[in-house]
Amino acid sequence: MLMNAIACLVLGHLFFFAATPPPCIPEDAWVMQSSSRIDVGGDVLSQPDTDIDGWYAITLPKTVLAGLVDNGIYEEPYFGLNLKDIPGYQDGLWLMQAADSPFSVPWWYRVAFDMPERSDDREYTLHFDGINYEANIWLNGTQIADRESVIGMFRRFEFPVTEHLHYGGPNVLAVEIIPPGIEPELEHVTKQIEATTGWDDHNPQPPDMNMGIWQPVYLYEQGPVSIRHPYVETDLDLPDLEQARLTVSAWLRNNTDHEVTGTLAGVIDDREFFKQVTLAAHEKREVFFRPDGFDMLVVDNPRVWWPHPVGPQELYALDLTVTVNDTLSDTANTDFGIRDITTYVTEDDWRGYMVNGHNILIRGGAWMTIDMLLNLDDDLYEALIRYAREANLNMLRSEGFSVRELDAFYSRCDRYGVMVTQQIFGRNIPDEDLAIACIEDMMLRIRNHPSLAHFLGHDETFPTETLDAAYQELIEKHRINRTYQPHSGTFNIATRARTGGTRTGTRELWTYAGPSHYHRIEDRQHDSAWGFAQSGGSGGILAARDSIRQMMPEEKYWPITDNETWSFHTVLQGIDYFDAVFRMMETKYGAPTDFDDFCDKLYAMNYNSARGMFEAYARHKYDALGITTWKYNTAWPAALTWQYVDWYKRASAAYYGAKKACTPLHVLYGYDDNGIHVVNSYYQPLDDLQVTWAIYDLNGALALQSEATVSVASDGRTRVADIDPPADISDPWFLKLALHSSDGEHLSDNVYWLSHTPDVPGRTRRLEGVFAIEPASTADFTALRSLPEVTLNSAIAEGVGQDERTYAVTIENPTEHIAFMVEAALVDDDARRELAPVYWSDNFLVLFPGESRELTAVTPATDTPPRLRIQGFNIKKQYH
């Protein structure tokens with residue numbers, strides 16, 4: 001587990017000054033049990049001779065349900081319908097535990113650990129970085145905290161325990177966890193009533209509501225003075241970026257009952273600074289180093305942090321120490337970046353973003369908790385955020401029903417150059433003081449991260465006046481220097497000024513929108529690429545076919561209709577939510593005949609829609625200011641939902657459509673004007689770019705080709721030419737685009753399949769109780785079914801690298817026919833299941849007769865070399 005590793009690493013770093021090995025609460029020595037099976041209290045359970053026979057052994061962090069699954073009490077809850085068999089499960093969106101649920105009562109967590117002999121003047125604090133939902137805490141027979149003070153999932157807790165520890169012998173910690181969802185039964189017309197995780201309609205609610213200890217528990221050793229909340233504020237000169245002024249601060253706390261004088265010292269690179277501080281007994285004080293008094297905090301020619309791909313991700317490290325009587329008392333450290341990110345509101349009342357003095361087009365997705373049972377795996381964080389960088393997605397919106405994200409998330413966003421918009425809460429909760437306490441802790445915890453760009457108040461609703469004022473006061477109080485808006489986005493764009501300059505999605509966008517939909521900003525301003533969309537996107541995104549095979553029994557793969565298992569692994573509303581997707585598939589591509597045919601057709605739709613959406617925002621910048629599509633990832637195995645990377649760490653066809661669209665220097669087709677456009681995401685102009693285009697018929701015959709030399713401004717866009725296909729060409733037909741630099745370097749390519757009948761959005765309505773989309777006209781791609789099956793030539797070279805390996809892959813179409821939607825995968829040799837993660841340079845290709853493509857695939861090293869699998873719309877499946 002990620003946080004297990006961090007806890008040991010942090011402790012090892014912080015306790016290097018101790019004369020004896022640091023005290024450590026073993027993460028793998030915990031046990032848990034239901035209070036319904038215990039007839040004694042915490043005073044007894046926190047004694048070393050307590051009988052714990054029959055308790056469940058767990059490794060922290062761990063929720064109750066996750067611990068029971070690890071112990072084999074319940075079958076794998078993510079497979080098939082197993083989750084429904086767990087006691088306490090409820091269908092639909094619910095906020096209250098069932099009365100007979102085994103999780104409606106408290107559960108006890110217990111751990112025994114040894115302490116070394118105490119050194120003079122050493123002080124110990126006990127830390128809980130995440131409890132859900134309330135807790136009574138006992139240490140060695142003494143209650144050190146109760147549920148009145150330990151409440152709220154999104155807070156860290158720290159307790160002085162120097163006088164309660166047994167030095168040179170055994171110690172026992174016992175924690176009674178009181179779950180969420182046991183409030184008096186009321187009619188709640190809302191999606192969130194407590195400071196705990198919510199899942200909206202993303203996936204089923206775990207039966208235990210994530211009760212438990214979901215973050216590390218550890219002892220911290222320090223001297224008479226402690227350091228907390230180190231922070232570096234950066235003030236960067238714009239637009240020249242030639243100088244930055246740093247303000248360093250930290251909270252100091254006197255742990256003694258007498259006055260103490262210490263020296264707080266800091267180091268940033270080779271810049272050293274210090275000052276003496278005198279603290280009264282038990283005093284807490286924020287101490288500052290400002291550039292007007294410390295010249296070394298004025299940095300000339302700073303290394304500046306940029307989001308990817310417009311610049312490097314430069315990070316600095318701050319190391320702080322406090323010494324008392326020439327003895328080290330405590331240390332703290334943090335990474336930070338020097339950059340300037342702000343937002344603005346246009347004359348049209350839309351919100352835009354600026355980075356280091358430049359406008360930046362936002363293209364990203366909504367981020368949610370990575371695992372429904374809160375098994376927050378480090379490898380999953382790494383894969384998901386790296387996938388975002390690989391696709392040039394520059395923002396993730398951490399949504400308000402999720403956990404308040406961890407350092408594992410933010411530090412990777414810093415390193416990979418992915419900006420973050422942090423939503424504060426999903427909905428208003430009755431206990432506003434608790435909400436404020438949770439958010440203050442979150443802000444102190446994440447404010448150093450250069451990737452943190454902007455705050456949203458609540459999801460699709462306004463915070464109360466009290467909460468709205470409190471959020472803004474906290475941002476100012478802690479000098480966080482980020483902008484804020486109260487509401488994630490309006491449903492009615494006429495009210496966008498009130499919500500903060502953004503809109504949300506529509507039922508049509510969340511269900512199905514074709515590739516041309518977002519381009520139509522003249523006649524579809526309410527849901528096209530105009531302004532800024534915090535949500536939207538195109539729904540009905542299908543997971544990788546091997547992921548679907550992993551999440552359900554083989555007999556459930558097909559058909560998908562009247563299939564409870566498929567429906568369960570979609571969204572909370574069930575598979576009927578995407579009925580319009582299936583209807584559009586039948587209309588555009590023809591009815592699917594089996595599982596693989598269904599996948600092939602929906603992958604083509606997903607790729608096309610995602611590419612069209614993200615390209616529309618680039619095509620129309622800066623009338624279009626950005627989108628964080630709904631949504632980027634899922635918390636459990638979902639077959640059909642809103643997702644670009646699935647829970648198994650496999651990228652979808654929609655992901656590769658988005659990756660194509662977000663190529664930094666890119667050639668694209670404008671569905672609204674039938675034109676070729678070049679868009680530039682870089683902050684320098686480019687001249688003498690070579691654009692080529694060709695039109696092919698369905699049989700792969702070349703019908704037309706041309707070229708042009710163009711220039712494009714810094715962060716600009718250029719219209720290159722009109723596309724006018726021959727009147728007698730097949731329906732559909734293909735458009736192939738390519739962009740090269742003046743010296744022949746390949747920069748971008750694109751292939752579109754287009755119909756003589758354009759996609760024109762129309763109206764939506766309910767048809768026999770089901771949401772339906774009725775376009776004004778619909779592209780006809782049904783003739784793609786007549787493409788002959790083709791056998792491709794392919795080869796994979798030996799992997800290069802140690803911890804991860806890069807494979808060079810060649811795919812050639814030796815036939816006289818078009819190879820459509822060529823899907824490449826690295827698979828294990830035994831199960832022939834797709835490896836994950838795999839970062840492909842490109843995927844879901846269209847290869848014309850005689851065409852060959854060179855790809856790269858990067859994946860963690862495996863014991864045996866993977867095989868290459870090739871399949872697709874009209875591709876004979878083969879392994880190499």
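Two strands pair if DSSP finds at least two bridges between them. The close-ups below come from a predicted model.

**View 1. An open sheet of three strands, E3-E11-E6.** The pairing is antiparallel. E3 and E6 (131–132) are the edge strands, and each pairs on one side only. Two bridges link E6 with E11 (residues 212–213), in the antiparallel sense. Asn 132 faces Gly 212 of E11, standing opposite that residue. Strands of a sheet pair through backbone hydrogen bonds, either parallel or antiparallel.

**View 2. The cis peptide bond between Leu 60 and Pro 61.** Omega is about 0° at this bond. Pro 61 belongs to the loop between strand E2 (56–58) and strand E3 (62–63). E3 is also an edge strand of the sheet in View 1.

**View 3. The loop between helix H10 (545–551) and helix H11 (564–568), with Pro 559.** A cis peptide bond joins Trp 558 to Pro 559. Its omega is about -5°. Asp 562 lies in the loop between H10 and H11 as well. Asp 562 is not a glycine, yet has a positive phi of about 50°. Asp 562 has a relative accessible area of 85%, so this residue is exposed; the cut-off for exposed is over 50%.

**View 4. Glu 768, with a positive phi in a residue other than glycine.** Phi is near 55°. Glu 768 sits in the loop between strand E40 (763–767) and strand E41 (770–774). Glu 768 counts as exposed because its relative accessibility is 78%.

**View 5. Packing of helix H6 (residues 432–446) and helix H7 (residues 465–477).** Two packed helices are described by the angle between their axes and the distance between the axes. For H6 and H7, the angle is about 25° and the axes lie 10 Å apart. H6 is therefore roughly parallel to H7, as angles under 35 degrees count as roughly parallel. The crossing of H6 past H7 is right-handed. H6 makes the contact through Glu 432, Ala 435, Ile 436, Ile 439, Glu 440 and Met 443. H7 contributes Thr 466, Leu 467, Ala 470, Tyr 471, Leu 474, Ile 475 and Lys 477. By type, the residues of this contact are nine nonpolar, one polar and three charged.

Definitions and conventions. Residues are numbered from 1 along each chain as its sequence is written. This is a predicted model: local features need pLDDT of at least 70, side-chain atom pairs count only at pLDDT 80 or more; totals for chains, interfaces and linings use all residues. Side-chain values use heavy atoms; hydrogens and water are left out. Helices (H or I, at least four residues) and strands (E, at least two) are DSSP runs, numbered from the N terminus. Buried means under 20% relative accessible area, exposed over 50%, partly exposed in between (1.4 Å probe, protein chains only). Axes are lines fitted to C-alpha atoms, for helices over the stretch in contact, and angles run from 0 to 180 degrees between N-to-C directions. Angles under 35 degrees count as roughly parallel, over 145 as roughly antiparallel, 65 to 115 as roughly perpendicular and the rest as oblique. A crossing is left-handed if the near helix is turned anticlockwise from the far one by less than a right angle, and right-handed if clockwise. Contact means heavy atoms within 4.5 Å. Ala, Val, Leu, Ile, Met, Phe, Trp, Tyr, Cys and Pro count as nonpolar, Asp, Glu, Lys and Arg as charged, and the others, Gly among them, as polar.
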